[in-house]
Structure formats: structure tokens, C-alpha cells
Amino acid sequence: MSAAPTTSPSPILVTGGAGFIGSNFIRAWLAQETSPVVNLDKLTYAGNLDNLGDLPPTRLEFVHGDIGDVRLVKSLLARVRPRAIVNFAAETHVDRSIHGPDDFIATNVVGTFRLLECARDYWQRLDAAEKPAFRILHVSTDEVYGTLSAQDAAFNEANAFRPNSPYAASKAASDHLMRAWHHTYGLPILTTNCSNNYGPYQFPEKLIPLMIHNALAGTALPVYGDGLQVRDWLHVEDHCEAIRVVLRGGRPAETYNIGGNSEKANIDVVHAICDALDGEHPRGDGRSYRSQIAFVKDRPGHDRRYAIDAAKMRTELGWSPKETFESGLLKTIRWYLANQPWTERVISGAYRDWIHTNYSAR
Ligand code: NAD
Ligand code: DAU
């Protein structure tokens, strides 16, 4: 009797997989799923192959390129024949979008549009067996909904889009494109809108890794405005699990809000970082890291509060976060303490230029 032929599972295409969430997603995916991954990334300042260096090359292929490069993406899809695309590729830092919105429009709007067109062309050519199973999952943000006051209910999927920063507007535009490409062409789209992530491999321009980096460097911890803006923090591994759950069981055309049910004022986050560092890695002079806190000029148009109602994820797909903010933050601080050479490698001359641009006039 001859053995049944073995077929290897179809790959997935991840875009932006050399960044913070994408690299955590690929790591978790390879540990828990059988399909290999092809990672298309432009390697902007935020993308770093070091984030994936320990992963098995037999199951992970890297392709250097732009989601907006139609020739490249079309030929990649034809060669790889993925069963799904998970789109993380984006410009992601609100402050950078305020100083220079062009790249945000180029990647988040035009790039997403071109990726969608390539995906549509590919999907239309799939055979009858492959077509219904194909998915494109677009990773988006809670910032598309705008800002909340202290009394408002958390954002749910029915909230209107009211983006306030160039970044948020560019992400909202990409979400609208996703919706329209489903409604008009039937493309099987899933969209996730997530709150603030933190965890390993986050570029030290975002609040939590910036504060850890500056604390250890002995420089100021710059808190914007009164520090009472509220974010809903989610550990990146919980976000990555949520994305896998949506890819597996989410209904095409639906959007899913993902959050940590963990609202914190920025100043409380900074205090928590200082206190944890005081315990894990005390300053040489015996003073608390809190002594490095400096209140600085606010971000223009700064959204006051974000909060996510993740009831749909819980009731429809059975997902809820595993990590609390306290456990996740301590894990994260220990990771940054153990991986200081990683931070030193990802920051460059361009990083110092950015720090000057964003903070010198505050
Ligand atoms: P990141 O900035 O760390 O990484 C972005 C990655 O995309 C980098 O590897 C970069 O090189 C790549 N990239 C940028 N432009 C590209 C292009 N034109 N073509 C191909 N690759 C390109 O971002 P992140 O924090 O990991 O965010 C990933 C996604 O999740 C983004 O879409 C972001 O909007 C969304 N999101 C982030 C958060 C958060 O708190 N970080 C929360 C909710 C949603
Ligand atoms: O809500 C999800 C979004 O969270 C993602 O879509 C974005 O990609 C991600 O960057 C993040 O946006 P924020 O603007 O909320 O994140 P950031 O880490 O830049 O700032 C968090 C809060 O901390 C915000 O209120 C601004 C404040 N802040 C930030 C920095 C960098 C400071 O007070 N000082 C700082 O130096």
C-alpha cells in the first residue's frame, strides 16, 4: 500500500513583520501554527531583522520591499500562493505624523490601496477550492474612533470614525478602503482595531520603551501636557493571539475591537515604570527614577482618552487578554533590561535626529 501524499500547509504572507507587533506575531505564529510565513517588509527605521534573528529560516522567508510596489507584490503572491495576508505594514508613530505626514499617506493610504488591488487580482484567480478560504486581515487601531471624555462609554465596533491626527486619519482611510473592497468586490476582509500595545521589540520612540530607555540613560522622562491622558494598554502577545483568533474564526467584512481592559493615565504608567526599575535596577545614587520625570509641552491635538469595548471578541470568538498590566509591564521591563544591546542596535543617528526634532522645542 503506498503512503498518502503529504501536502505542506499553504503559507501566509505577513507585511510589516520586521516591526514591533509583526515580529511578535511571526514568533507566536511559528510556535503555534504549521503554515510557514513569508514576511514582506520595507525595513523603515522601525523595521529590524534582528527582531526575527532567532527564528527558523526553513519556515520564514524574508522579502525586502514595499507594499505599494505593485510589480513586486503581484509576483510575490503568484509565487508564494498564500492562503492569507496579514497586513501590519504602516507608519505608526503619531508624533512623526505631526512633523511629517507624507510617509503616512504614502504607506497607510496609497500602499494599502495597492496591496488591496494586488490581493484582489490574486484572489480572483484562485480556484474554486482555494477562493472561499482566502482572507486578508488588516491590523488597525482604536485611534480611528477619535477621542473620549472621562464619562464616555468605551469604543465599540459601531462607533463612527473621528480620527484626529494625520496617523489616525491615514489608518481610518485604510480601514475604509478595506470595507469598500469587501462591499464592492467581495474580497474577504477582516479588520482589527486595537488599543496601545507594549512588550518586547517595541521601538524606543513609543511611551513605554522610550521611558525605560531614557530612565536607564539617566535623561529626562518627558511627559506631555498634564500626563492625565488615558490609554488602554494591551500586552503585544495578547494582541497577536487575538489576531490569530480573528484570522481563524472571524467573519469576513466584520471589524473586531481588541483591548486590554486596562485604562491608565500616562503619568501612572511612567510612575509604574520608575517604581519597577527602582526594584529591578536601582539608580546608583539611591534616588528614585521618578526624579527624572519632566512635564513638557503637549502634543498638538492630543487625544485625551482611548478605551476599547472588546465584548465582541469575547462573546463571538472567546478571546480575552491573559496578561494584566502589572504582570505584562514587569515582564517587559525585564526584557529591556536583559536586551539593552538590542536597543543600542536599533537606535541610530536618525533616531538621535528624531529625538532632537520632537523634544528640543518642548
Ligand atoms: P512598527 O512601526 O513597529 O512597524 C511597522 C513595520 O512596517 C516596520 O517593520 C516597517 O519597516 C514596515 N513598513 C512600513 N512601511 C512599509 C511599506 N510601505 N511596505 C512594507 N513594510 C513597511 O509598527 P507596530 O507598532 O508593529 O504596528 C503594526 C500595525 O499595528 C500598524 O498597522 C499599526 O497601525 C497597528 N497598531 C499598532 C498599535 C501599537 O500600539 N503599536 C496598536 C494598534 C494597532
Ligand atoms: O492606540 C493605539 C495606538 O497607540 C497605535 O495605533 C499607534 O501606532 C501607537 O503609536 C500608539 O499611539 P499613542 O500616540 O497612544 O502612543 P505613544 O506611545 O506615542 O504615546 C502614548 C501616550 O503617551 C500618548 O498620550 C502620548 C504620551 N507620550 C508619548 C511620548 C512618546 C508622552 O507623554 N511622552 C512621550 O515622550
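The following legends describe close-up views of a predicted model with two ligands and one helix pair.

**Figure 1. Packing of helix 1 against helix 7.** Helix 1 spans residues 20-32 and helix 7 spans residues 236-249. Their axes are 9 Å apart and meet at an angle of about 65°, in a right-handed crossing. On the side of helix 1, the contact is formed by Phe20, Ile21, Asn24, Phe25, Ala28, Trp29 and Gln32. Helix 7 contributes Val236, His239, Cys240, Ile243, Arg244 and Leu247. Sorted by class, the contact between helix 1 and helix 7 comprises 9 nonpolar, 3 polar and 1 charged residues.

**Figure 2. Polar atoms of the protein beside ligand 1.** An oxygen atom of ligand 1 lies 3.0 Å from a backbone N or O atom of Thr44. A polar backbone atom of Phe88 is 3.2 Å from an oxygen atom of ligand 1. In the side chain of Asp66, an N or O atom is found 2.9 Å from a nitrogen atom of the ligand. On its own, ligand 1 has 840 Å² of accessible area, of which the protein covers 96%.

**Figure 3. The residue shell around ligand 1.** The shell holds 28 residues, of which Ile21, Asp41, Thr92, Tyr167 and Lys171 come nearest to the ligand. At least two shell residues are supplied by each of helix 1, strand 5 (135-141), helix 5 (166-185) and strand 7 (196-198). Strand 5 provides the largest share, 3 residues. By class, the shell around ligand 1 consists of 12 nonpolar, 12 polar and 4 charged residues.

**Figure 4. Polar atoms of the protein beside ligand 2.** A polar side-chain atom of Glu143 is 2.8 Å from an oxygen atom of ligand 2. An N or O atom in the side chain of His302 lies 2.7 Å from an oxygen atom of the ligand. The backbone is represented by Pro222, a polar atom of which is 2.7 Å from a nitrogen atom of ligand 2. Ligand 2 exposes 690 Å² when taken alone, and the protein buries 95% of that area.

**Figure 5. The residue shell around ligand 2.** Among the 24 residues around ligand 2, those that come nearest are Asp142, Tyr167, Arg299, His302 and Tyr359. Tyr167 is also listed among the nearest residues of ligand 1. Strand 8 (221-224) and helix 6 (207-217) are the elements that give two or more residues to the shell of ligand 2, and strand 8 gives the most, with 3 residues. The shell around ligand 2 divides into 10 nonpolar, 8 polar and 6 charged residues.

How values were computed. Residues numbered from 1 in each chain as written. Chains lettered and ligands numbered in written order. Predicted model: local features only at pLDDT ≥ 70, side-chain atom pairs only at ≥ 80, totals over all residues. Heavy atoms only, no water. Axes fitted to C-alpha atoms, helices over the stretch in contact; angles between N-to-C directions. Helix = DSSP H or I, 4+ residues; strand = E, 2+ residues; numbered from the N terminus. Left-handed = near helix turned anticlockwise from the far one by under 90°. Contact = heavy atoms within 4.5 Å. Nonpolar A, V, L, I, M, F, W, Y, C, P; charged D, E, K, R; others polar. Near = heavy atom within 4 Å. Polar contact = N/O pair within 3.5 Å; in protein donor to acceptor, adjacent residues only side chain to side chain. Areas by Shrake-Rupley, 256 points an atom, 1.4 Å probe, with all protein chains shown as cover.
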